[in-house]
Structures are given as structure tokens and as C-alpha cells.
Amino acid sequence: MSENLNPQKSYIHTLHLALIGHVDHGKSTLAGRTLYELGLVNENVIREYKEQSILLGKPTSEYAWVMDIVKEERLRGLTIEPSYQLLEADSKRIVLVDGPGHPTYTKNAILAIGASDSAVLVVAADDGIMDQTKEHAVLAFAFGIRDLIVVINKMDRTDPPFDHQRYEDIKLNILILLNEIGFDENRIVILPAAAYFGDNLTRQSENLKWYSGPTFYEAIAQLRFPENLPRLPFRMAVDNTFPKRGIGQIATGRVASGSISRGDICIIMPGNHRAKIKSIESFKKTVDSISAGDDVGIALSGVSPEVISRGSVLGTPDNPPIVAKTILARITILEDKPGIHVGRSPLFFAHSTRTLAKIVGLVSRVSSSTNKVLERKPIKLAVNETGYVEIELQSFVSIEPSKENPLLSRFILREQDRTVAIGSCVEVLE
Ligand code: GDP
């Protein structure tokens with residue numbers, strides 16, 4: 001809550017930025033080389049990665065490996081789990097979340113987007129717009145992401161290299177695509193780069209003399225953190241819990257909204273249990289208070305381990321988290337067979353929790369970009385369609401309407417290991 005904000009302290013917000021786009025368009029390289037340019041990755045590490053990558057027959061992977069830290073990923077040259085890297089820009093902490101681009105890993109891209117406030121869409125200048133360019137942009141929009149940085153990468157690969165006209169052509173097509181999806185042009189920044197060589201990442205490039213806009217780093221620095229989030233009631237979805245001797249139960253996660261301080265009482269939902277905040281750690285430092293966006297570990301006293309687990313949501317006694325059984329939601333369908341109709345019972349995944357769900361009503365089918373109603377009470381929502389549905393949850397889940405708390409409103413519906421729909425809670429009905 002705002003009273004908890006220390007007026008003496010300038011809060012640095014933490015923005016999570018998902019890297020999205022078609023496989024091999026250079027997402028990991030963009031992130032890795034940017035970290036290197038900022039001096040956050042040691043030259044020796046890059047040299048070592050370069051040697052290893054040559055041995056593994058992937059000679060230009062050294063910067064991508066800064067992000068793809070798991071060995072198996074290196075061998076296959078693919079990112080398979082989201083990875084997180086931290087940098088600072090203009091008094092903000094930026095966490096780069098690298099979502100995998102391989103077609104079978106859409107689910108993991110969803111995880112990366114679901115954990116982020118904004119996104120970087122990477123499009124290779126030689127390939128142009130590809131299937132996943134579009135798919136990831138649609139996913140980002142359906143999850144409520146509105147601020148986008150589009151990097152037209154691999155400008156060294158155009159013919160001739162660094163071709164202004166090729167850049168303008170892709171830029172125009174990207175704007176048409178994003179506009180169709182529903183993005184607002186004023187919240188999109190488009191820039192050229194050659195990530196592998198460092199062109200236009202943290203410094204202007206001699207090769208791109210015709211370009212006068214921001215570098216990638218400047219574009220990141222200009223991103224705005226949703227201003228209202230620190231002022232909303234405190235919410236944190238728990239990713240993990242473990243006991244620490246002599247301290248108590250530790251709960252880790254990201255603060256979705258509001259702020260809280262050491263010594264405050266918090267409420268754990270579902271279950272309505274009280275606990276005292278004994279100490280807080282954020283980015284490896286002990287701190288007195290935390291606010292929206294921060295990744296934290298909180299030590300709680302006065303609770304038994306069974307009452308808190310992955311999927312619990314923390315709030316405050318004067319404004320405890322909402323617990324829902326039935327919700328009204330806006331969803332976008334990703335798979336056609338058999339689409340979404342009343343009676344289907346997919347698995348419901350929201351923040352760190354999951355439960356069985358049942359579709360109990362189809363309210364409307366709407367235009368994904370304008371939200372205009374196209375049909376009332378449709379029988380079915382088919383692939384790529386967006387609509388409003390009523391969902392009954394088998395167990396109580398802490399979830400919030402998107403206007404109150406975007407991060408805690410997002411969910412996905414899965415059946416037989418496939419993501420059939422993605423959406424956000426509009427209203428808690430019961
Ligand atoms: P991701 O799958 O989108 O994360 O792509 P990666 O970052 O793994 O890059 C795929 C390949 O493209 C790697 O071999 C990179 O070295 C290469 N690459 C990335 N950026 C550039 C660039 O600006 N120019 C050139 N020529 N190659 C690049």
C-alpha cells in the first residue's frame with residue numbers, strides 16, 4: 001500500500017521483458033550481446049563460449065549462450081526453458097526473459113510472456129515476418145502486453161547489407177500486422193540492429209547512418225512501468241516455499257502489485273492464514289520493503305509450512321486477496337479441435353497455481369482488436385477467435401480481474417498437454 005512506500009527512498013521498479021519471435025531470429029543473441037556491451041558479461045566468458053561453440057559446430061552462438069545456460073540447449077542450439085538475466089536502465093531494473101522459439105515450445109513462450117510486463121519482438125531482416133512472429137505477437141496481446149519493442153535484426157544479412165529500403169518494408173508490414181492484432185502504434189518502438197555484431201544495441205552504428213531513432217538500450221530505458229501497480233493493494237503469487245533454519249518459512253515470487261515492509265502482517269490465500277514478515281531479500285540484498293515488480297524471497301514467521309505453497313497468494317489483512325470459484329474471462333483460442341464450448345473441462349493454469357476447470361457459459365464472441373461483439377451466446381469459439389466465457393474452477397483459486405491486477409489475472413487452458421486457449425479474468429463471479 002502507498003503508506004508503506006518510504007518517501008525517503010527512490011524505488012527502482014523492476015520490469016520483466018519477454019523476448020519473443022521466430023526461432024533463430026536472434027532473441028538470445030540480442031540479449032546476450034547487450035549484456036556483454038553493458039559490461040555485465042566477462043570477456044573471458046565470451047571467449048570460452050566461442051571456443052566451445054566452435055567445437056560443437058555452432059560457431060556464432062557465444063552471445064546466445066549467455067541466455068541459453070543449460071547444456072542440453074547448447075547441444076541442440078535451442079532455448080527450451082525461459083531464462084532470466086538482469087540489467088539496469090534509467091533507474092529501473094530490467095529482467096530479460098528469453099522465451100524459446102521452437103514451434104513445439106509455444107507453451108514455454110507463453111510462460112515467458114505470462115511473467116512479463118512488456119515484450120521485445122525480434123524479426124530477422126533476411127527472413128522477414130514468419131509464423132511465430134505472428135503467433136507470439138498474438139499471444140502477447142492476449143495476455144495484456146501493450147508495450148512492444150520490435151527489433152529488426154540481422155541487418156547485416158540484407159542485400160545489400162544494412163539496406164534502408166528492406167528495413168522500411170519490414171517495418172511497414174510489422175505495423176500492419178500489429179495493428180490488426182490490436183496494438184497501439186504509439187506504444188510500439190521499431191528499430192534496426194545486427195545483434196551479433198552489436199550494431200545499434202547500446203551505441204549508434206556506423207552501418208545504420210540512415211537511422212536516427214533510439215538504440216535497443218535506449219528503447220528499454222524509455223519503457224514505462226505501469227504506474228498504478230505500486231499503489232494497488234499488495235499481492236504476491238508464491239512460486240516456491242522452503243523452510244530455513246532459525247528464520248522460518250521462506251516464500252519466493254514476484255510482487256504483482258502494491259508494496260509491503262518488514263514487520264508487516266500478511267494474509268495467505270486461499271486459507272486466510274496470517275503471518276508476520278520477518279525479513280525480505282530482493283536481488284540478493286536484505287531490504288526493508290519491496291514493491292510491484294520486485295523478485296523477492298520473504299521470510300514468514302507464525303505459520304506452519306502446510307498453509308503456504310506454490311500457488312498461494314499473499315495480501316494484507318485490510319485487503320486480502322480475492323478467492324474465486326467462478327469467473328468471467330476473455331479468452332483467445334489457440335487450437336481448433338474441438339474449440340471451446342460449454343461443458344469442456346480443461347486444466348486451468350494461473351500464475352503459479354493450477355486446477356481443473358469447466359466452461360459453464362459462452363457469453364459472446366468479440367473482435368480481438370476492437371472488442372466489438374460479433375455474436376451473442378455463440379455455440380463454440382474456434383481457433384483464433386476471442387470471446388467472453390464463464391469458467392467454474394474445481395478448487396478455490398486466488399485470481400484478480402485484469403483491470404485491478406494484470407499479472408494475477410492471466411491464465412491458460414490446457415488439454416492433453418496442449419494449450420487450447422489463453423486469457424485473463426475480467427470479473428470474479430463467485
Ligand atoms: P533465437 O532462436 O531467436 O534465440 O536465435 P539465436 O540468438 O540463437 O540466434 C540464431 C542464430 O542467428 C545464431 O547463429 C546467431 O549467431 C545468429 N545471429 C543472431 N543475430 C545475428 C545478426 O545480427 N547477424 C547475423 N549474421 N547473425 C545473427
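## A salt-bridge tour

Start by selecting K50 and E62: their side chains form a salt bridge, with the closest N and O atoms 3.5 Å apart. (A salt bridge here is a side-chain nitrogen of Lys or Arg within 4 Å of a carboxyl oxygen of Asp or Glu.) The pair links distant parts of the chain, twelve residues apart: K50 sits in helix 2 (residues 43-55), and E62 in the loop between helix 2 and helix 3 (64-67). Helices (H or I, at least four residues) and strands (E, at least two) are DSSP runs, numbered from the N terminus.

Before you go on, a word on the model. It is predicted, so local features need pLDDT of at least 70 and side-chain atom pairs count only at pLDDT 80 or more, while totals for chains, interfaces and linings use all residues. Residues are numbered from 1 along each chain as its sequence is written, and side-chain values use heavy atoms, leaving out hydrogens and water.

Now colour by accessibility: K50 is partly exposed at 27%, whereas E62 is buried at 4%. (Buried means under 20% relative accessible area, exposed over 50%, partly exposed in between, with a 1.4 Å probe and protein chains only.)

Next, pick K209 and E206, a salt bridge with its closest N and O atoms at 3.1 Å. K209 is exposed, at 63%, and E206 is exposed too, at 63%.

Salt bridges with shared partners also join R33, E37 and R203 into one network. Zoom in on E37 and R203, which meet at 2.7 Å, N to O. E37 lies in helix 1 (residues 27-37) and R203 in the loop between strand 6 (188-192) and helix 8 (216-222), 166 residues apart. E37 is buried, at 19%.
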